[in-house]
Structures are given as structure tokens and as C-alpha cells.
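Here are my notes on the fold, for reading beside the coordinates.

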Amino acid sequence: MRAAGCYTSLLHNVRTHLVERGGGRIYYRRRVPKPLREIVGKKEIWRSLATDSPTVAKRRALRVAAQVEHEFEIARSKVGSSVDQMLLAGFSESVPAA
């Protein structure tokens with residue numbers, strides 16, 4: 001059970017990793033897996049979603065989550081762990097036409 005006041009927020013949940021921080025800004029927060037902490041250099045990744053809107057934050061969090069997972073795959077390859085080639089390749093910046 002989590003201690004009262006520790007990362008408490010109505011937005012925070014395990015699936016989205018969204019946390020509201022000072023001034024109503026919403027951030028993506030992800031713990032760095034223990035085997036990767038030495039390579040990554042930190043225990044947690046915090047990325048601003050540059051919004052105070054929960055709806056916008058949820059949409060932006062998907063892209064940030066993909067970027068963070070890509071960074072984790074790069075770190076896994078550096079420590080010699082097995083990697084997922086699809087995640088390691090990253091993703092294209094282009095958006096398909098509607």
C-alpha cells in the first residue's frame with residue numbers, strides 16, 4: 001500500500017503513468033527498470049506533457065510512452081539483454097493521411 005501523499009493525484013494510475021504536478025501541469029512518470037538504471041542514470045523518467053488538460057495529456061502520453069520504451073530498448077541492447085527489434089527500431093515521424 002502506498003503512503004498517503006506519495007504521488008497522489010486523481011490522474012495517477014498504473015496504465016497511463018500520468019501525474020499532476022505544481023501549477024496543474026501534467027507529466028508522464030515511469031520507473032526505470034532496475035537492470036537499466038546504471039545505463040539510464042536515474043530511477044525515474046519524468047516528461048512534461050505541456051498541458052493541464054487530462055484529455056490532451058492522455059493522448060500525448062501514448063507518444064511519450066513509446067519514446068521512453070524505445071530508450072529502454074536501447075539501454076537493454078547496451079547491457080546485453082534481449083531486445084525487441086520492433087521497439088529498438090523506433091517509429092516513423094510521418095502520420096498517415098486520413
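The points below take the sheet and then the helix that crosses it.

1. This is a predicted model, in which local features need pLDDT of at least 70, side-chain atom pairs count only at pLDDT 80 or more, and totals for chains, interfaces and linings use all residues. Residues are numbered from 1 along each chain as its sequence is written, and side-chain values use heavy atoms, with hydrogens and water left out.

2. An open, antiparallel sheet is formed by 3 strands in the order β1-β2-β3. Strands (E, at least two residues) and helices (H or I, at least four) are DSSP runs, numbered from the N terminus; two strands pair if DSSP finds at least two bridges between them. β1 (18-21) and β3 (44-48) are the edge strands, each with a single partner, so one side of each has no neighbour in the sheet. From one strand to the next the twist averages 35°, taken between N-to-C directions of lines fitted to C-alpha atoms, on a scale from 0 to 180 degrees.

3. Strand β2 (residues 25-31) is joined to β3 by 5 bridges. Arg 29 stands opposite Trp 46 in β3.

4. Helix α2 (residues 54-79) lies across β1, β2 and β3, at about 30° to β2.

5. Just after α2, Gly 80 has a positive phi of about 85°.

Key. Contact = heavy atoms within 4.5 Å.
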